[in-house]
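Q: I am new to this structure and would like to go through it step by step. Could we begin with how the chains are arranged?

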2 protein chains.
Amino acid sequence: MRTRPLPLSQLKMTDRFWSRWQRVVRDRSLPHQYRQIVETGRLEHFRSVARGETGTFKGFYFNDSDVYKWLEAAAYALILGENAELRAMIEEAVAAVQGAQLEDGYLNTFITLNHPDLRWRNLGAMHEMYCGGHLLEAGVAMFECLGDRRMLDVSIRFADLIAATFGPGKRKGYCGHEELELALVKLTRATGNPKYRELAKWMVEERGSRPSPFEAELEDVEAQKMSPWRSALLDKDGKYNGEYAQDHAPIREHDAVVGHAVRAMYLYIAAADLVTDPAAMKAQERAWKSLSSRRMYITGGIGPSRHNEGFTEDFDLPNLSAYAETCAACGLAWWGQKLVEATGVSDYADVVERALYNGVLSGISLDGESFFYDNPLESRGQHARTPWFGCACCPPNVARLIGSVGNLVASQSDSAFYLHIPASFVATTELNGVKTRITVEGNYPWSGQVKVTVDPERPVEFAFAVRIPGWADDLQIELGDDNETAAEADGSEYETGYAVYRRVWSPGDVIKLDFEMGPKWIEANPRVLDDLGRIAMTRGPLVYCLEDKDVEFVPQRFAADADSEPISEERATLEGHVAVVVPGVVEGQDFPDDLYADLDTTPLETTEATLIPYYLWNNRGPSHMQVWLRRM
Amino acid sequence: MRTRPLPLSQLKMTDRFWSRWQRVVRDRSLPHQYRQIVETGRLEHFRSVARGETGTFKGFYFNDSDVYKWLEAAAYALILGENAELRAMIEEAVAAVQGAQLEDGYLNTFITLNHPDLRWRNLGAMHEMYCGGHLLEAGVAMFECLGDRRMLDVSIRFADLIAATFGPGKRKGYCGHEELELALVKLTRATGNPKYRELAKWMVEERGSRPSPFEAELEDVEAQKMSPWRSALLDKDGKYNGEYAQDHAPIREHDAVVGHAVRAMYLYIAAADLVTDPAAMKAQERAWKSLSSRRMYITGGIGPSRHNEGFTEDFDLPNLSAYAETCAACGLAWWGQKLVEATGVSDYADVVERALYNGVLSGISLDGESFFYDNPLESRGQHARTPWFGCACCPPNVARLIGSVGNLVASQSDSAFYLHIPASFVATTELNGVKTRITVEGNYPWSGQVKVTVDPERPVEFAFAVRIPGWADDLQIELGDDNETAAEADGSEYETGYAVYRRVWSPGDVIKLDFEMGPKWIEANPRVLDDLGRIAMTRGPLVYCLEDKDVEFVPQRFAADADSEPISEERATLEGHVAVVVPGVVEGQDFPDDLYADLDTTPLETTEATLIPYYLWNNRGPSHMQVWLRRM
């Protein structure tokens, strides 16, 4: 059954966990990021265009996109409630963007300022369409969340220019960095005009065909000069190959995720909406399978290599050098959610949740003002979040994901409501024509006890589906109403990993969930050579790590005793979390002065270690950290 | 007691191990390398100079040095016996080099062909003096080993030009890549002229003083243009720092090895001969200590980082990405030998031996025709020896080291003979004025049983010192003559790790050595985070590894049982070696299809693994390999 997300204005996060994050993003991350955008000249580029300047663009050629992504995130943030500072920043940014759009709808400050004659000349390297995609996403978000049409109008003019230039019977062209495709889908949703979606479908389907437009561009000497594009990344054994930009094969022939991880995710997000015939879905399932069962860190981080910011080989998952870009984890969550909505299969939601609570949130500090670009699973003190990056894709990406997390926790069709992640929220929607309020209450992800109240205005029949998390070894679901003791929910149907209750729901009906959260140890497939002899602690959807702030020794020197019982302990530090205390051994502190010595020169001491959720690490300064602990 | 190496013409290797290597180098490596030198245009550069061409240099600016190093290695090789093919190649190369020397003695084909106006303008980056150093080493080797003065005469003219240009009261200057200094020492040895040695001493002592001549050169825009020199490597936090080229501090203030590993080794080789006052020796001891007890792989590989081809931080010794350049291991052996000769302390010889039998020999294939540049301690199938490199420093370096290995096994003073490495050889020398033949016989490094015959022409008193290897847990030394049962060698003096016998030696006196070879497991200092929970097998001076050619599983999946007895087994494969068979466990072959699973999803199977000496790996095609095995 295909479902859709609820509009963000109809689903508000209420739980301690996400409310805090959304407030931090609104009140701290977004003002901070806006200041960075201004200080680094990103906004000034738009004004330079309006002033008719030339040659004044500085920085990465895709820097416009940061402004758009920030606007999108700001639109989500204001759903939480008005914020005058943020509102003023939005006004300033919108005015700048509006002023930079050319007569014919074109909008890209790098090209317009520095290379006005090279418009659309190097689609493979330059990110005109990528930036445009983020423009569209901002336009749709501001329209849908704030009722503000201004950026949507800019978006429509830009999209119309692209549609007049590219497409069937026109020029064959699409962006080296996917993004526009998924944005065009949103533009059709916001405008009702199907042509944007049709153009996106064509772009997704043409990609990977031969001759590739990128290959021809690589011969265009003048166009190549304007970018630091490493064309070598598109080659393999000296021949054009295109994997870096997923231009290696048509979408229906994909067998595995390849190339730049963020690009791949953005392609598949669009494909899941656009290319849905059985053969195409099978290919997407193959790609997903290669990702989730052979190329994904336990944190939901993806793309192990810094070289191509992307994928390498199956089971190549080094921990210390893990790239695992924050944006790629965001993309994974978004793609997985599209597949959940398309199929109703909970396996996808397991991965969405894994990425969300681990590899995405690790990308932002608790105070919301510093960020990881890459998210290694081991640190030896060198890795720390920073306030901004030259290539600043990650900070606004994590901000817009947190602001729109309501899109991931639930979805619905006309006659069914799916609870994917039991975070607390209140949703107001229609099910089979009856206005219904769904209230989820609990202390997720710290507690597995969750109460769901189903409140239709009048009794109505629909299906309520609760995801059974892959990590839950045991769970209890009780069904009842507020006035009587809930009865055990026997007789429900289990479908593709969801417990589905098809019944007439009455006002005040209650579902009580109790998931067994763990803690429990996990091992990796032994083909992951970097994790051999190692184990990782999990509790519910959270992956844990050992950070040196919590112990008297270097985490790498600890070996865990997996046969003893780990203990969950609530902690007030780090904004409140559940830590896990595990027993183990550590090498004695007295080392010989030699580098190499006979066996057992260093005695082992028994000890215990307090593990914290991975996403919380590096909030107390630089540190040694490790997710995969040696097993005693 | 300071000792000196014996001339190579007076000490001939006779053991199975080194004889084979020296024959392979003479008959295969050197002809192969010469063909590469010719095919890659390295020799043609010299002829281009003679023909007065301009702008025709191609490749790395230090490519002249490969020709010189090859000539030096060829000189050593011909001591083994004449080889007509090699002799013809030598003639061709000498003629080419002679023809390229300019009137004033200058000789550098890169500068002369491509940048004749920029001579000596960028000493920090360009390798004019580095290449010149190798010219001198070739000149001295051909003179000393073959009695051929031609290259020595070229060398003298070049060295005289340098001495006329640089030095006290003249220009302050030395090379970014040390090498000339140690070569000037040899030139004084060969010519008896002390001025070369004095110039070298000045260069070593001036290095690291401020202002640095390299710093000024970095401002010379024209000079900087000619090189791909990454000046960033000389900076730290945006300021000139010089560590990359050991220009960070004067030699007497050195506390640790820093920067480019080969450069550091070559500097210290010269310093050990030149700057020997107590303060200077203390500094060199500190540097050595930092290297051998905090920055050296168990293989004697040094310089873990590809970025600077050199040193990073204490205990940073990653295995899979280990750079551990072959040349750096050669340099370590040569520096260690200088310190052995200066101090008579066996600790240095332990390291020389470690580097020689492991990190140096791994750099060359058994057939002598392919080479490692970097020598990782773990492989996942990507690493393989190749016939040549664009930067081809390593192949001729390992060739000249193998050809001159006689310089490492023993040394002497007028009244003492030191046996450092009990490889088989015959040496003929004078001790206290009496011509004496020393014969060492055995099957080292496979067997610890060695017979030494001391054969003076007539009875003479001198000291005979036998190194007690650091790896030997037990040893027996028996002293006697051929005609009687050897008596146990009680009453000898143990000095700085040597058993020293001061007595009157008569013709036919015999010393029988029996070293306990192992096999035994070694652990690393727990500060080496990459080796935690891991152990390495050694046997005598050899470090072992597990290569997938010898087992049915990926080596990384093996965990060794250190509590069971490892077994030595002689093998006829790989030119004959002693393998070590160890018991352990391996994850079962049937993996779940999931990437992450509950604990103990994969059952362990008991098995055993055959380990081979590290230097032998990758002689049967690409492979997975590991030195540091997980401990069960």
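Predicted model: local features only at pLDDT ≥ 70, side-chain atom pairs only at ≥ 80, totals over all residues.

Q: Through which surface do the copies meet?
A: The copies meet through the same surface, because 100% of the interface residues of chain A are also interface residues in chain B.

Q: How many residues of chain A are in contact with chain B?
A: The contact involves 49 residues of chain A and 49 residues of chain B.

Q: And what area is buried between chain A and chain B?
A: The buried area is about 3800 Å², and carbon and sulfur atoms give 54% of it. In chain A, the residues that lose the most area to chain B are A:L595, A:Y596 and A:L599, together 21% of what that side buries.

Q: How many salt bridges are there between chain A and chain B?
A: The count is eight salt bridges. One of them joins the side chains of B:D598 and A:K520, at 3.3 Å from N to O.

Q: Which element gives the most to the side of chain A that touches chain B?
A: That is β16(A), with five residues. The residues on this side comprise 22 nonpolar, eight polar and 19 charged.

Q: Which strand of chain B is joined to β22(A)?
A: β22(A) runs antiparallel to strand β16 (residues 520–524) of chain B, with three bridges between them. There, A:Y596 has B:A524 as its bridge partner.

Q: Changing topic, what do β20(B) and β21(B) form?
A: They form a hairpin with five residues between them, and B:L574 in the turn has a positive phi of about 50°. The two strands pair in the antiparallel sense over five bridges.

Methods
Residues numbered from 1 in each chain as written. Chains lettered and ligands numbered in written order. Heavy atoms only, no water. Contact = heavy atoms within 4.5 Å. Pairing = 2+ DSSP bridges. Helix = DSSP H or I, 4+ residues; strand = E, 2+ residues; numbered from the N terminus. Buried area = accessible area lost by both parts, 1.4 Å probe. Salt bridge = Lys/Arg side-chain N within 4 Å of Asp/Glu carboxyl O. Nonpolar A, V, L, I, M, F, W, Y, C, P; charged D, E, K, R; others polar.
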